[in-house]
Amino acid sequence: MLAPGTFSHVDAAHAQVHARLLASAIQELRKEQGETEAAPAGFFCLTADSLTPNEPAPEIPDLLHRIDALLVVGGDVLLFRQRELYHMTALVNRYTKAPCASPRVFP
């Protein structure tokens with residue numbers, strides 16, 4: 001399960017909300033797959049690219065702060081160069097044969 005987003009709210013309350021949303025998405029995927037499949041893995045996905053062509057890319061300290069906030073709640077984080085989900089999915093599909101899904105984009 002890939003959960004792309006900006007994750008710009010780094011306080012503990014928002015980090016918990018992000019973790020619960022990802023856990024819920026994983027639970028729904030598990031229901032769809034059935035109990036015969038291995039438990040899905042979930043990853044928060046951040047981009048090092050700007051979100052729109054007219055804005056600057058996030059600064060490294062800001063990205064690290066966002067990553068740390070997600071790691072504190074036990075999340076696994078992937079950092080990508082591109083912002084588009086299809087790039088993220090393509091990279092993950094290189095390393096697994098498991099289905100790759102994505103919930104709605106996280107704030």
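Some ground rules. The model is predicted, so local features need pLDDT of at least 70 and side-chain atom pairs count only at pLDDT 80 or more, while totals for chains, interfaces and linings use all residues. Residues are numbered from 1 along each chain as its sequence is written, and side-chain values use heavy atoms, with hydrogens and water left out.

I start with the cores. By nonpolar core I mean a set of buried Ala, Val, Leu, Ile, Met, Phe, Trp, Tyr and Cys residues joined through side-chain atoms within 4.5 Å. Buried is under 20% relative accessible area, exposed is over 50%, and partly exposed is in between, with a 1.4 Å probe and protein chains only. The largest such core has 11 residues: Met 1, Ala 3, Phe 7, Leu 22, Ala 25, Leu 29, Phe 44, Leu 46, Ile 67, Leu 70 and Val 77. Two or more residues come from each of helix 1 (12-33), strand 2 (43-47) and helix 2 (60-72). Helices (H or I, at least four residues) and strands (E, at least two) are DSSP runs, numbered from the N terminus. Helix 1 gives the most to this core, three residues. There is also a second, separate core of five residues, among them Cys 45, Phe 80, Met 88 and Val 92.

Leu 21 counts as partly exposed because its relative accessibility is 43%.

Next, the aromatics. Rings of Phe, Tyr and Trp (its six-membered ring) pair if their centres lie within 6.5 Å; planes under 30 degrees apart are stacked, over 60 edge-to-face, and the rest tilted. The count by this rule is one pair. Phe 7 sits in the loop between strand 1 (2-4) and helix 1, Phe 44 in strand 2, and the two are 37 residues apart, so the pair links distant parts of the chain. Phe 7 is buried, at 1% relative accessibility, and Phe 44 is buried at 1% too.

Now helix 2. Helix 2 has 13 residues and spans 18 Å from first C-alpha to last, close to the 18 Å expected at 1.5 Å a residue (1.5 Å times one less than the number of residues). Which residues of helix 2 are buried? They are Leu 63, Arg 66, Ile 67, Ala 69 and Leu 70. These cover an arc of only 160 degrees around the axis, so they lie on the same side of helix 2; the arc is taken over directions from the helix axis to the C-beta atoms. On the other side, Ile 60, Pro 61 and Val 72 are exposed. The cover over the buried residues includes helix 1, strand 2 and strand 3 (77-80), where contact means heavy atoms within 4.5 Å. After helix 2 comes Gly 74, with a positive phi near 90 degrees.

Thr 47 is in strand 2 and is buried, with a relative accessible area of 9%. Its side chain reaches the backbone nitrogen of Asp 49 at 3.0 Å, and a polar atom of that side chain lies 3.1 Å from the backbone oxygen of Gln 82. Ser 50, in the loop between strand 2 and helix 2, is buried at 8%.

How values were computed
A polar contact is a pair of N or O atoms within 3.5 Å; within protein, one must be able to donate a hydrogen and the other to accept it, and residues adjacent in sequence count only if both atoms are side-chain atoms.
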